[in-house]
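The notes follow in the order in which I looked.

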Amino acid sequence: MGTYLLPAEPITSIDQYLATDVGGAGVEAAMRLGPAATIDAITESGLRGRGGGGFPTGRKWAGIAAQTGSRRYLVVNGAEGEPGTFKDRALLRANPYQVVEGLIVAAFAVGAVEAYVGIKGSFEREIEAFTRAVQEFQTAGICTDCTVNIVAGPDEYLFGEEKAMLEVIEGKPPLPRWLPPYEHGLFAASPQEGWEAAPHGAQRRTDEPNPTLVNNVETLANATHILANGVDWFRSMGTDRSPGSIVATVVGDVVAPDVGEVELGTPLRAVIDAVGSGTAPGRHVKAVFSGVANPVVTADQLDAPVSYEGFESVGSAMGSAGFIVYDDTACMIGAALRFSRFLSIESCGQCPPCKLGSAEITRLLDQVERGRATVADVAAIAGWLDRVTDGSRCFLATEERRVVASVLRSFPDELAQHLDDGRCPLPGERPMPKLVDLAGGRATYDTSYWRKQPDWTYKPDEG
Ligand SMILES: Cc1cc2nc3c(=O)[nH]c(=O)nc-3n(C[C@H](O)[C@H](O)[C@H](O)COP(=O)(O)O)c2cc1C
Ligand code: SF4
């Protein structure tokens with residue numbers, strides 16, 4: 001009960017999919033209802049975006065549909081760059097058809113002329129599954145006049161940021177633009193654009209804003225089920241403010257890292273046990289991070305429900321439900337340093353306080369971790385945490401502030417120990433949980449990550 005997105009066995013053909021209760025029923029319902037009532041259904045369902053921000057999906061669709069202009073686009077976000085998160089890849093492996101059907105429903109509802117799907121080029125298996133599913137929908141005559149373009153994107157974290165994803169689709173690097181996709185959509189001209197030697201995508205440029213709907217893979221999969229089974233069915237699961245289920249990832253200091261679907265509202269402790277098989281015998285959870293985007297959740301907060309409001313109630317946010325667990329042997333300064341380094345490297349540098357500030361915070365945290373920092377260094381970190389978001393175009397700088405500030409606030413004794421003892425009280429390296437694969441209780445991380453430099457080049461591998 002309460003789960004519907006991850007089938008027991010993968011669905012590998014459209015015939016198999018159409019034989020399920022849901023297959024084709026979402027599109028059928030949308031066509032019967034028409035665009036406006038389809039959007040109403042999504043609004044009434046209370047579905048919230050699963051890409052991390054939790055924005056109400058119906059409100060987003062209604063906003064795009066209401067924009068003037070002759071061209072609207074749909075972008076499906078399958079970048080899945082958040083560390084500790086594997087749910088979109090799990091969904092695309094297990095049942096890409098429900099995502100394609102959600103794409104057709106969303107494009108119909110907002111009147112999109114074309115759809116683009118952003119998936120990292122390194123996710124070969126998922127690109128193949130999605131491409132095959134689109135082709136099968138077209139052959140089956142369910143998606144006859146729809147154009148779906150699959151864009152294999154770069155490995156950078158920012159590729160998943162929606163304003164950067166539009167840039168990549170237009171053939172440029174993943175540098176977030178200023179205005180949100182509903183104001184400055186795909187192939188739209190904008191006064192904010194600087195000079196370009198050879199404007200990419202210029203042959204398609206229009207003078208209109210081309211409002212663009214960007215939705216996460218899991219959001220669209222949910223839309224299919226809501227249209228097929230109804231609003232009441234969806235609202236019978238989860239909580240009032242967080243209806244439905246969520247595909248959670250649990251990695252880090254757990255017995256068997258994995259991905260699994262849970263009803264929203266399930267306590268975090270139960271999710272760690274059910275999906276990740278809990279901590280090793282004799283160990284207990286010290287801290288949980290939802291990706292690298294949100295404040296730390298501490299051991300005394302593990303009864304918090306996995307829901308938007310549940311995480312809010314403990315001063316954090318659920319993000320995309322990719323949980324990085326640390327047990328009582330983990331150093332929290334080490335965790336803050338790892339995440340700060342990740343964010344600093346991935347920062348694109350368009351906003352100087354973000355790139356310079358996160359680099360300086362990372363350098364100072366490294367000093368703290370080595371037992372070489374002073375009280376003045378800690379004050380300097382606090383100063384940069386205040387300024388790092390100044391003039392920022394995207395949320396990455398805020399992530400840096402939220403993660404690092406929350407660790408320093410929640411673990412003051414551990415910080416003091418590093419300063420007083422001149423060494424780390426809990427030494428030991430842990431990997432950066434940038435997932436390459438997750439299957440059979442084993443997580444594979446991107447080990448090349450440590451060679452990545454602030455300009456996004458890689459140091460040579462010295463073995
Ligand atoms: C630095 C950064 C990275 C992001 N990476 C992803 C990602 O990999 N996948 C994703 O769906 N959303 C990601 N997002 C959120 C998207 O910008 C956007 O909010 C989301 O795709 C909207 O879809 P939704 O409303 O269905 O959640 C990221 C945001 C930021 C600031
Ligand atoms: S906030 Fe940081 S990552 Fe985002 S656009 Fe500015 S420099 Fe780039």
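This is a predicted model: local features need pLDDT of at least 70, side-chain atom pairs count only at pLDDT 80 or more; totals for chains, interfaces and linings use all residues.

**Helix packing and ligand surroundings**

From α13 I listed Ile 333, Gly 334, Ala 336, Leu 337, Ser 340, Arg 341, Ser 344 and Ile 345, which meet Lys 355, Ser 358, Ala 359, Ile 361, Thr 362, Leu 365, Asp 366, Val 368 and Glu 369 of α14. By class, the residues of this contact are eight nonpolar, five polar and four charged.

Next I looked up the geometry of the pair. Helix α13 spans residues 332-346 and helix α14 residues 352-369; their axes come within 9 Å and cross at roughly 155 degrees. The crossing of α13 past α14 is left-handed.

I then took α13 against helix α16, residues 396-410. Their axes come within 10 Å, with a crossing angle of roughly 170 degrees. This pair is therefore also noted as roughly antiparallel. On the α13 side I found Met 332, Ile 333, Ala 336, Phe 339, Ser 340, Leu 343 and Glu 346; on the α16 side, Leu 396, Glu 399, Glu 400, Val 403, Val 404, Val 407 and Leu 408. I noted 10 nonpolar residues, one polar and three charged in the contact of α13 with α16.

The axes of α14 and α15 come within 9 Å and cross at roughly 155 degrees. I therefore logged α14 and α15 as roughly antiparallel, and their crossing as left-handed. Helix α14 contributes Pro 353, Leu 356, Gly 357, Glu 360, Ile 361, Leu 364, Leu 365 and Val 368, while α15 contributes Asp 377, Ala 380, Ile 381, Trp 384, Leu 385 and Arg 387. The α14 and α15 contact divides into 10 nonpolar residues, one polar and three charged.

I then turned to ligand 1. Which residues come nearest to ligand 1? Of the 19 residues around it, they are Gly 51, Lys 60, Asn 215, Asn 216 and Thr 219.

A polar side-chain atom of Thr 219 is 2.7 Å from an oxygen atom of ligand 1. For Gly 51, a backbone N or O atom lies 2.8 Å from a ligand oxygen atom. For Glu 80, a backbone N or O atom lies 3.1 Å from an oxygen atom of ligand 1.

Methods:
Residues are numbered from 1 along each chain as its sequence is written. Chains are lettered from A and ligands numbered from 1 in the order in which they are written. Side-chain values use heavy atoms; hydrogens and water are left out. Axes are lines fitted to C-alpha atoms, for helices over the stretch in contact, and angles run from 0 to 180 degrees between N-to-C directions. Helices (H or I, at least four residues) and strands (E, at least two) are DSSP runs, numbered from the N terminus. A crossing is left-handed if the near helix is turned anticlockwise from the far one by less than a right angle, and right-handed if clockwise. Contact means heavy atoms within 4.5 Å. Ala, Val, Leu, Ile, Met, Phe, Trp, Tyr, Cys and Pro count as nonpolar, Asp, Glu, Lys and Arg as charged, and the others, Gly among them, as polar. A residue is near a molecule or strand if one of its heavy atoms lies within 4 Å of it. A polar contact is a pair of N or O atoms within 3.5 Å; within protein, one must be able to donate a hydrogen and the other to accept it, and residues adjacent in sequence count only if both atoms are side-chain atoms. Angles under 35 degrees count as roughly parallel, over 145 as roughly antiparallel, 65 to 115 as roughly perpendicular and the rest as oblique.
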